[in-house]
Amino acid sequence: MKISEVEFGSLLTYSPHGNSVKEEESKAVMRNLKNDNVLSSGILTSEYFARAIKKDIKKFPFANYFNSNTILVPTPKSSLLKPDTLWVPRRITTALINNGLGKASEECLERVIALPKSSKSIPANRPKPLQHYESMRVKKLLFDPEEIVLVDDVVTRGATILGAVNRLAEVFPNTRIRAFAVMRTMSNPEEFSEIVDPCVGTIRLSGENARRKP
């Protein structure tokens with residue numbers, strides 16, 4: 001892999017280990033997002049956050065991610081995609097495009113080798129960026145995008161994103177590629193402050209692993 005650092009943006013945070021009222025609320029938001037649940041307002045979680053981003057886009061540090069040239073690419077699931085299964089990043093990209101946030105959504109990145117799900121693995125056994133890279137392939141588009149934003153629901157360390165961006169960069173070497181995750185994990189409860197905590201940061205290759213900041 002030639003790319004060792006990726007810029008990413010994120011809107012929300014959640015604390016998996018804290019037990020305060022706000023931290024419990026963050027876990028509930030995460031579950032709604034991971035399952036793309038229908039909210040009390042009657043709309044899907046993916047649509048709710050797409051509308052929220054659209055409403056206040058100029059206030060967010062990642063505002064320029066969603067311009068008229070941006071192609072949104074949903075991040076593949078860890079398992080192989082089966083017909084009629086829930087693929088939340090695809091729903092998020094669709095909702096973002098429907099709200100005018102980007103040029104188009106392209107499902108050009110796919111998983112060809114299934115990997116263990118990170119959320120169900122102990123940290124030492126979670127797939128590393130190189131494993132994600134080797135388990136994906138890119139389908140060439142009819143054009144070379146000026147900009148690509150890889151879209152995910154939740155980012156923890158960023159191994160999937162780092163592997164995926166390296167795959168995309170091989171096929172689109174002249175394209176600016178960044179990543180966006182609706183929510184990021186704050187594993188240290190002391191680093192969690194608010195559920196809505198927009199940021200732009202970096203995901204770096206550190207040895208064999210990925211490191212995300214913030």
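Mentor: Buried means a relative accessible area under 20%, exposed means over 50%, and partly exposed covers what lies in between. Keep that cut-off in mind as we read this structure, which is a predicted model.

Trainee: Is Arg 167 buried or exposed?

Mentor: Arg 167 counts as buried, because its relative accessibility is 19% and the cut-off for buried is under 20%. Glu 170, with a relative accessibility of 46%, counts as partly exposed.

Trainee: How should I read the link between Glu 170 and Arg 167, and where do the two residues lie?

Mentor: A salt bridge pairs a side-chain nitrogen of Lys or Arg with a carboxyl oxygen of Asp or Glu within 4 Å. Here the side chains of Arg 167 and Glu 170 meet in such a bridge, with an N to O distance of 2.9 Å. Both residues belong to helix 5 (residues 159-171), where they are 3 residues apart, about one turn of the helix. Elsewhere, salt bridges that share partners join Glu 7, Glu 147 and Arg 178 into one network.

Trainee: How many salt bridges does the rule give?

Mentor: The count comes to 14 salt bridges. One of them joins Lys 27 to Glu 24, whose closest N and O atoms are 3.3 Å apart. Lys 27 is buried, with a relative accessible area of 14%, while Glu 24 counts as partly exposed at 35% relative accessibility.

Trainee: Which parts of the chain does the pair of Asp 36 and Arg 91 link?

Mentor: Let us take the bridge itself before its place in the chain. Asp 36 forms a salt bridge with Arg 91, and the closest N and O atoms are 3.0 Å apart. This pair links distant parts of the chain, since Asp 36 sits in the loop between helix 1 and helix 2 (45-55), whereas Arg 91 sits in helix 3 (residues 88-98), and 55 residues separate them. Asp 36 counts as buried at 3% relative accessibility, and Arg 91 counts as partly exposed at 36%.

Trainee: Which residues of helix 2 are buried, and what do the buried residues of helix 2 pack against?

Mentor: The buried residues in helix 2 include Thr 45, Ser 46, Glu 47, Phe 49, Ala 50 and Ile 53. As for their surroundings, the buried residues of this helix pack against helix 1 and helix 3, and also against strand 1 (5-14) and strand 7 (176-185).

Methods
Residues are numbered from 1 along each chain as its sequence is written. This is a predicted model: local features need pLDDT of at least 70, side-chain atom pairs count only at pLDDT 80 or more; totals for chains, interfaces and linings use all residues. Side-chain values use heavy atoms; hydrogens and water are left out. Buried means under 20% relative accessible area, exposed over 50%, partly exposed in between (1.4 Å probe, protein chains only). Helices (H or I, at least four residues) and strands (E, at least two) are DSSP runs, numbered from the N terminus. Contact means heavy atoms within 4.5 Å.
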